[in-house]
Structure formats: C-alpha cells, structure tokens
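Please look over the sequence and the structure shown here before reading on.

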Amino acid sequence: FKMIIGVGLGFFAVPLGIGGGSLGVPAMKLFGYPIKIAIGTSAAIGFLISVFGAASMSFSGFYFDTVNTPLSLGYVNLPGFLVFVPVTMIMAPIGAKLVHSTDKNILSKIFGIFLLVIAVRSFFEFLKF
C-alpha cells in the first residue's frame, strides 16, 4: 500500500512542478514517521522525482509538442536548470542541519503553514486571479 501511494505521489509531483516534499512529508506523517525522518526521506526522494521529472518533461516537449524554444530541451529550460541544480545542491545540507536543530513541534507548524500558502496560491492560480 505504501508503495502505491509513493508512486502516486511521484506521478502527481511532476505536473504540479514540485519536488515531492510537499506531498511526501504529509504522507509519511500519515504513516506515523517522525517529522524529521519524513523531511529527510522526502528530500532524498525529491531528487529521484526531479531527475525523472526533468527527463519526462524534456521527452514530452520533444515528442508530444515539438517545443523549439531557444536554450531548452523540450519543456526543460537549460539556463534555469543550470542555476537551480547547483543552488539546490548547496542549500540541501544547510536545510538538513536546520531541520535537525529545530524543535519538531515548531517544524510541523511551519510546514503546515507552508502547505497552506502553497494550497492558496495554487487555488488562485487555478482561478486565474
């Protein structure tokens, strides 16, 4: 059952444009994992989701839509990719240290607020306000 949910989360993370942490952490909390374990595991899984997401979006842009945008491979913009990958690699260990030094109750509340902000933003984008 956990494997099916994990595959489903990865499947929905790519079109939503998220690394999977926004979906993975609440799912792992639902299964009873501590918040710090959920965040760390979700970050590691986010890497896999990102690799397969970038590959599938690149392939989709070539195969289904024949995207010819300069400096892009399908739907993947190369300058954006070259900026975000190193920044993410540098910031991930810093984020991990911060998570381990933060109280789990405060961390859960901060993450809950983050999810609410993302949900509201997605709702307004959907309605095109």
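In which helix is the place of Ser60? Ser60 has its place in helix H3, where helices (H or I, at least four residues) and strands (E, at least two) are DSSP runs, numbered from the N terminus. The model is a predicted one, in which local features need pLDDT of at least 70 and side-chain atom pairs count only at pLDDT 80 or more, while totals for chains, interfaces and linings use all residues. Residues are numbered from 1 along each chain as its sequence is written, and side-chain values use heavy atoms, with hydrogens and water left out.

**The chain as a whole**

The secondary structure comes to five helices and two strands, and from the N terminus on the elements run α-α-α-β-β-α-α. Along its principal axes the C-alpha trace spans about 50 × 35 × 35 Å. The predictor's confidence in each residue, pLDDT, runs from 0 to 100; its mean over the chain is 83, and 95% of the residues reach 70 or more.

Of the 129 residues in the chain, 20% are buried, where buried means under 20% relative accessible area, exposed over 50% and partly exposed in between (1.4 Å probe, protein chains only). Among contacts (heavy atoms within 4.5 Å) between residues at least 6 apart in sequence, 42% join residues at least 24 apart.

| Residue | Relative accessibility | Class |
|---|---|---|
| Ala27 | 14% | buried |
| Ser60 | 19% | buried |
| Leu71 | 59% | exposed |

Leaving aside neighbours within four places in sequence, Ser60 is in contact with Asp65 and Tyr75. Leu71 is found in the loop between helix H3 (35-63) and strand S1 (72-73), and its phi is near 60 degrees, a positive value in a residue other than glycine.

Ala27 lies in helix H2 (residues 21-30), in which Ser22, Gly24, Val25, Ala27 and Met28 are buried. With neighbours within four places in sequence left aside, Ala27 is in contact with Ile5 and Leu9. H2 is followed by Gly32, whose phi is positive, near 95 degrees.

A nonpolar core is a set of buried Ala, Val, Leu, Ile, Met, Phe, Trp, Tyr and Cys residues joined through side-chain atoms within 4.5 Å. The largest such core has eight residues, namely Val25, Met28, Ile35, Ala38, Ile39, Val99, Leu107 and Phe111. Two or more residues come from each of H2, H3 and helix H5 (104-127), and H3 gives the most, with three residues. Phe111 also touches Gly21, Ser22, Val25 and Pro26, not counting residues up to four places away in sequence.

**The second largest pocket**

The second largest pocket is lined by 20 residues, of which Ile5, Gly6, Leu9, Gly24 and Ile45 lie nearest its centre. The elements that give two or more residues to its lining are H1, H2 and H3, and the largest share, seven residues, comes from H3. A pocket here is an open set of points on a 1 Å grid over the protein atoms alone, where a 1.4 Å probe fits, with protein on both sides within 12 Å along at least five of seven lines, and lining residues have an atom within 4 Å of a point.
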